[in-house]
Amino acid sequence: MATAVVVGSGPNGLAAAVTLAEAGVSVRVLEAQDAPGGGARSSERTLPGLLHDDCSGFHPMGAASPFFRGQDLARYGLRWRWPEIQLAHPLDGGRAALLWRDLGRTVEGLGPDGRRWSETIGWTSRRFDRIAEEVLRPIIHLPRHPFALARFGSMAVTPASVLARAFRTEAAKALFGGVAAHSFSRLTTPFSSAVGVMLAAAGHAVGWPVAEGGTQAITDALVARLADLGGHVETSAVVTRIDDLRGADLVLLDTTPMAAATILRGRLPSRVARSYRRFRQGPAAYKLDLAVEGPIPWSCEDVGRAGTVHLGGRFEEMVAAEDDMANGRMPERPFCLLGQQYVADPSRSASGLNPVYLYAHVPHGHGADVTDLLLDQVERFAPGFRARVRHVVATGPAGLHSANANYVGGDIAGGASDGLQVLFRPRIALDPYSTGVDGVYLCSASTPPGAGVHGMGGYNAAVRALAGIGLRPHR
Ligand SMILES: Cc1cc2nc3c(=O)[nH]c(=O)nc-3n(C[C@H](O)[C@H](O)[C@H](O)COP(=O)(O)OP(=O)(O)OC[C@H]3O[C@@H](n4cnc5c(N)ncnc54)[C@H](O)[C@@H]3O)c2cc1C
């Protein structure tokens, strides 16, 4: 029986482990932290009884993931829960742009820009499964849906600042811009629309659900699935050198390219070592977990019915904030994402208190305490918010990094998403998962298709690894 070690138990590591185990490989997962899950964990971070998502909170790409869909994770307790409104983007003056799962309702709400939304985002959502199948794979492949991919590609390559010109109203521009900001890069660069178009379309096609009982439920389901297949996870097990894993036929690294270079030192072909060392990390997140009494007093009441809330103001303001962030300057009004997971999953609240999740885009490694800037962004659209806050836990870039070695300098996206790295990560290669060392593959968010809890980097890498030892994936 072939054997494999997976280093790291984030969603990609676990997806790789399950895929290998399904194919009959004996799998051991080694996790540095004291619990599995990486960016897919939840805990009572503020007060007892309030369940917070430690990292990822919303799962459009999880709901869309062919790997997750193929695993029947409901059998292992995973239930998606959708908020009534998927996403709200409040604007000054008590208005808000709303993204409903129902395209027609969104189009109606966007008034004069509704038709244009339908022609771009709606068009993509109607072909979502076909396009997702293409973009969740490495860039170099023979497309199965070339026409859908070509039309999507023409939107994706366009800078968000150019695509936004298609919209006339402040509301539609802001709604699109906030989603595009998930790329964690300047909104003026080529390909900065890709994430925006895809995630907004996902909002209609599959929604932006949360996991009932916290994102941890995704990890718990994957770990249980792995156990059913005979695999297991060992925690508090930091891997620093490949020699410690001697005997395994396959090694899959759910790590950064730089960590892979360290683990594989002396073994990596020099061109791969150079590429890994040149791999650029991106900007950072600064996260607050808050215990808040009652609902948030949004100026626009509809915002209280949304799971995700983008706090970035007008499109032009977000362009400036993301530009500052990318240039290493802390924006005065940073782009923030606020999570009201409890709207979709009330089991996370307790004793009249709600767990609120809030993070801002900040420069890589930013060391200052920016708690007030984040709270100001909420207060701007929800006057009286501060007075309802009962407890705050702040986690800056250094804290994120110490909780997860993959979040270098607070970069939660597995590397910068600009320049050539948008298309080719971790390096320009036909097989981006291969490290060039026999039997060793990289499978983290630093590989295609990049950040997010979807497991597709892990699945794709495991398929390559199986092929290398003459095996095929179970599905
Ligand atoms: C604040 C925040 C908000 C986010 N929001 C969302 C969201 O709403 N939706 C979404 O889809 N995504 C979101 N993400 C991103 C998502 O969490 C990541 O893209 C995803 O977890 C990446 O999965 P991964 O398996 O590649 O790596 P990770 O989840 O980072 O897991 C890597 C694992 O490997 C372990 N490890 C690393 N090095 C070693 C080593 N040498 N030895 C042993 N173990 C090691 C780490 O401890 C970690 O457990 C968010 C992330 C953060 C931090």
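The model is a predicted one. The chain contains 19 helices and 16 strands, and an assignment divides the chain into domain 1 and domain 2.

**Overall shape**

- The secondary structure of the chain amounts to 19 helices and 16 strands.
- The radius of gyration is 21 Å, close to the 23 Å that the globule rule gives for 475 residues, so the chain is as compact as a globular protein of that length.
- Taken along the principal axes, the box filled by the C-alpha atoms is roughly 65 × 50 × 40 Å.

**Two domains**

- Domain 1 is made of the segments 3-32, 237-278 and 416-468, while domain 2 is made of 80-210 and 282-403.
- The centres of the two domains, taken over C-alpha atoms, are 29 Å apart.
- Where the domains touch, 13 residues of domain 1 are in contact with 13 residues of domain 2.
- On the domain 1 side of this contact there are nine nonpolar residues, three polar residues and one charged residue.

**Packing of α1 against α19**

- Two packed helices are described by the angle between their axes and the distance between the axes.
- For α1 and α19 (residues 456-468), the angle is about 35° and the axes lie 7 Å apart.
- The crossing of α1 and α19 is right-handed.
- From α1, the contact is made by P11, N12, G13, L14, A15, A16, T19 and L20.
- From α19, the contact is made by G457, G458, Y459, A461, A462, V463, A465 and L466.
- The contact of α1 with α19 has 11 nonpolar and five polar residues, and no charged residues.

**Backbone details**

- Most residues other than glycine have a negative phi, and most peptide bonds are trans.
- The peptide bond between R425 and P426 is cis, with omega about 5°.
- P426 sits in the loop between α18 (397-403) and β16 (440-442).
- The peptide bond joining P448 and P449 is cis, and its omega is about 5°.
- P449 sits in the loop between β16 and α19.
- F191 is not a glycine, yet its phi is positive, at about 75°.
- The place of F191 is the loop between α9 (170-180) and α10 (194-205).

Definitions and conventions
Residues numbered from 1 in each chain as written. Predicted model: local features only at pLDDT ≥ 70, side-chain atom pairs only at ≥ 80, totals over all residues. Axes fitted to C-alpha atoms, helices over the stretch in contact; angles between N-to-C directions. Helix = DSSP H or I, 4+ residues; strand = E, 2+ residues; numbered from the N terminus. Left-handed = near helix turned anticlockwise from the far one by under 90°. Contact = placed C-beta atoms within 7 Å. Nonpolar A, V, L, I, M, F, W, Y, C, P; charged D, E, K, R; others polar. Domains from an automatic or database assignment. Rg over C-alpha atoms; globule rule 2.2 N^0.38 Å.
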